[in-house]
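Work through the exercises below with the model open. Try each task before reading its solution.

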Amino acid sequence: MTEKPSSLTDALLDSYAECGGINHIDGINLPSKVAVASLTESLLHLLFPGFFSGRPLDQKEVADFIGEVLRRLEPQLREEIGKSLEFRPVPGVDAATATELFLHGLPGLRCALQTDVEAAYAGDPAAGSVEEVMLSYPGIEAVAVYRVAHLLYRQGVALLPRMMTEWAHGRTGIDIHPGAQIGPYFFIDHGTGVVIGETCEIGHHVKVYHGVTLGARSTWGGQQLRGKKRHPTIEEHVTLYPGATILGGETVIGARAVIGGNVWLLDSVAPDTTVTMAEQQLVIKARTPGGAGADWQI
């Protein structure tokens, strides 16, 4: 390196002044990604005691364990919520009030999560037990974090909800925006590559396979589209098979519909409808002798 360290330091400082992209310096203190990851894990301990903790629990220990987690979690959560509210204030809401309201919403949220676990176990013959579902299914973890983040999103807390669901996205490959509205008994099977947009509405008893996208038709309008319904509505008892792409805020998939694999859908579908792609032609050709990249033929 030919440039002196002091010169490189000056160049980096100039870039901070010119381009931004810094935090914790002379201004609003944004939430910490490390802290958000830690508190999200702690919330999973509260939601599923004994399943995400590193030590076994017996019935006598549960109360002490929950109390210990809450004592550690509450000030950390209040601090990160406070940073988010400093970044984007919510009239009449402070960090202490928002934290208390959020924590008191967890018991009811656990009931919704129990329905998701039941849907996963009932909907997958490969599931050996409810315990297997809770320990190993990425969809359960992603939906649990989504439901937690959705509580904060509904309070108007900025940054933190999205950071939490993106933490889950990185761990599971499932991308659920905290603004989506998802009913009970929701099951994501396998999960990798699932995308659920901010204004998506999903009814109860919906099953989604890997690679499904519930997205917007276009985002060329940028910030002008903020607050508008951009993502589809999925009514109750719908099944979406792998690779289905359903787009648009006016698109409604009617109750009990089945959307087949790799379907690209921009229009609404009536209830009790099955949608599949037309049969594709399979082309099999002979390989040229010695040709490494040629096609096959029977």
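**Exercise 1.** Find how far apart the mean positions of the positive and negative charges of the protein are.

*Solution.* Place each charge at NZ of Lys, CZ of Arg, CG of Asp or CD of Glu. This gives 23 positive and 34 negative charges, with mean positions 2 Å apart.

The model is predicted: local features need pLDDT of at least 70, side-chain atom pairs count only at pLDDT 80 or more, and totals for chains, interfaces and linings use all residues. Residues are numbered from 1 along each chain as its sequence is written, and side-chain values use heavy atoms, without hydrogens and water.

**Exercise 2.** Compare the reach of helix 8 with the expected span.

*Solution.* Helices are DSSP runs of H or I, at least four residues; strands are runs of E, at least two; both are numbered from the N terminus.

**Exercise 3.** Which residues of helix 8 are buried, and what covers them?

*Solution.* Apply the cut-off: buried means under 20% relative accessible area (1.4 Å probe, protein chains only). Leu160, Pro161, Met164, Thr165, Trp167, Ala168 and Thr172 pass. They lie on the same side of helix 8, because their arc around the axis, taken from the directions to the C-beta atoms, is only 145°. Their cover includes helix 2 (33-47), helix 3 (62-87), helix 7 (138-154) and strand 1 (175-176).

Terms used
The expected span of a helix is 1.5 Å times one less than its number of residues. Buried means under 20% relative accessible area, exposed over 50%, partly exposed in between (1.4 Å probe, protein chains only). Contact means heavy atoms within 4.5 Å. Lys and Arg count as positive and Asp and Glu as negative; His and the chain ends are not counted.
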